[in-house]
Amino acid sequence: SATASTRTNTKATAAPHSTTSRRRYSPKHPVIDMKDVDLMQRERATNAAELGGTWHAKWRQREVSIKALDGFDVLVQQEAFVKACARLVAIPEHGLVAKLHGVIMPSAELDQSPALVWQYASGGSLADRLYHSEQRLPSSAAVRLLSNVAIGLEVLHVNDVVHGNLSSSTIQLTAPPNERPLLVSYGMAPALLLLQQQKRARRRRGGDGVGGDDGADDSSAATTITTT
């Protein structure tokens with residue numbers, strides 16, 4: 001995986017932010033409590049466009065990858081966001097699509113940002129392989145990888161999900177010798193739209209609370225989240 005910059009190996013704890021975050025985890029309400037997460041290491045960003053930090057962690061005895069959404073005020077439309085995540089969690093498991101396990105509400109351990117909990121891929125990202133590895137990707141392997149990416153996208157489309165953020169950083173790789181791609185960060189386009197609207201609103205307000213016409217923007221984005 002990507003090079004680690006810090007090591008924590010501590011059991012994370014955080015105060016709940018709402019009644020939504022205190023409800024018991026279930027596929028229909030996939031909110032994961034930070035006290036059940038064991039952060040192991042924070043990974044180096046491979047793309048300047050990444051939305052936030054990424055952590056290698058353990059949850060329910062499985063390795064996971066936690067990706068933060070820096071600057072995203074999920075509490076503005078929390079129920080809509082959780083509902084959208086539940087829809088992605090419900091996608092049947094497939095060998096070419098990373099499993100989304102759930103969402104974590106903002107906590108101090110994750111820079112006060114909400115985060116998504118994904119299946120962990122020990123081979124790192126395709127960006128790691130292309131730009132930070134001395135091992136070249138043979139043309140035959142590249143063709144096979146792209147063919148598998150296309151199959152993974154078809155799996156998402158069959159489940160009425162558009163990836164919306166496909167890049168070398170959102171294609172993770174399993175470990176060799178049976179290396180294969182895993183698509184991550186899919187279906188997040190509505191959340192990204194809401195994040196952009198929130199950032200524009202904060203710039204117009206000078207960083208103060210929600211008000212005025214900005215609330216209309218957030219409501220519109222939330223409608224997109226629940227229907228994508």
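Visitor: Is Asp-111 buried, partly exposed or exposed, and at what relative accessibility?
Guide: Happy to start there, with a note that this is a predicted model, where local features need pLDDT of at least 70, side-chain atom pairs count only at pLDDT 80 or more, and totals for chains, interfaces and linings use all residues. Residues are numbered from 1 along each chain as its sequence is written, and side-chain values use heavy atoms, leaving out hydrogens and water. Asp-111 lies in the loop between strand 5 (100-107) and strand 6, with helices (H or I, at least four residues) and strands (E, at least two) taken as DSSP runs numbered from the N terminus. Buried means under 20% relative accessible area, exposed over 50% and partly exposed in between (1.4 Å probe, protein chains only), so Asp-111 counts as partly exposed, at 38%.

Visitor: What is the phi of Ser-185 near?
Guide: Ser-185 sits in the loop between strand 8 and helix 5, and it counts as buried at 13% relative accessibility. Its phi is positive although the residue is not glycine, with a value near 55°.

Visitor: Why do the buried residues of helix 4 line one face?
Guide: The buried residues of helix 4 are Ala-141, Leu-145, Asn-148, Val-149, Gly-152, Leu-153, Val-155 and Leu-156. The arc is taken from the directions that run from the helix axis to the C-beta atoms. Seen down the axis of helix 4, the buried residues line one face because they fall within an arc of 150°.

Visitor: Which exposed residues are on the face of helix 4 turned away from its buried side?
Guide: On the buried side, the cover includes helix 3 (126-131), strand 7 (171-173) and strand 8 (181-183). The face turned away from that side carries the exposed residues Ser-139, Val-143, Leu-146 and Val-158.

Visitor: How far does helix 4 reach from its first C-alpha to its last?
Guide: Helix 4 covers residues 139-158, which gives it 20 residues.

Visitor: How far apart in space are Pro-181 and Asn-148, C-alpha to C-alpha?
Guide: Pro-181 has its place in strand 8 and counts as buried at 3% relative accessibility. Beyond its neighbours within four places in sequence, its contacts (heavy atoms within 4.5 Å) include Leu-145, Asn-148 and Val-149. Pro-181 and Asn-148 are 33 residues apart in sequence, and their C-alpha atoms are separated by 6.8 Å.

Visitor: What kind of aromatic pair do Tyr-25 and Trp-59 form?
Guide: Rings of Phe, Tyr and Trp (its six-membered ring) pair if their centres lie within 6.5 Å; planes under 30 degrees apart count as stacked, over 60 as edge-to-face and the rest as tilted. The structure holds two aromatic pairs. With ring centres 5.2 Å apart and planes at 70°, the pair of Tyr-25 and Trp-59 is edge-to-face.

Visitor: How many residues apart in sequence are the parts tied together by Trp-118 and Tyr-186?
Guide: Trp-118 and Tyr-186 form an edge-to-face pair, 4.9 Å centre to centre and 75° between the planes. Trp-118 lies in strand 6 (residues 113-119) and Tyr-186 in the loop between strand 8 and helix 5 (189-205), so the parts that the pair ties together are apart in sequence by 68 residues.

Key: The expected span of a helix is 1.5 Å times one less than its number of residues.
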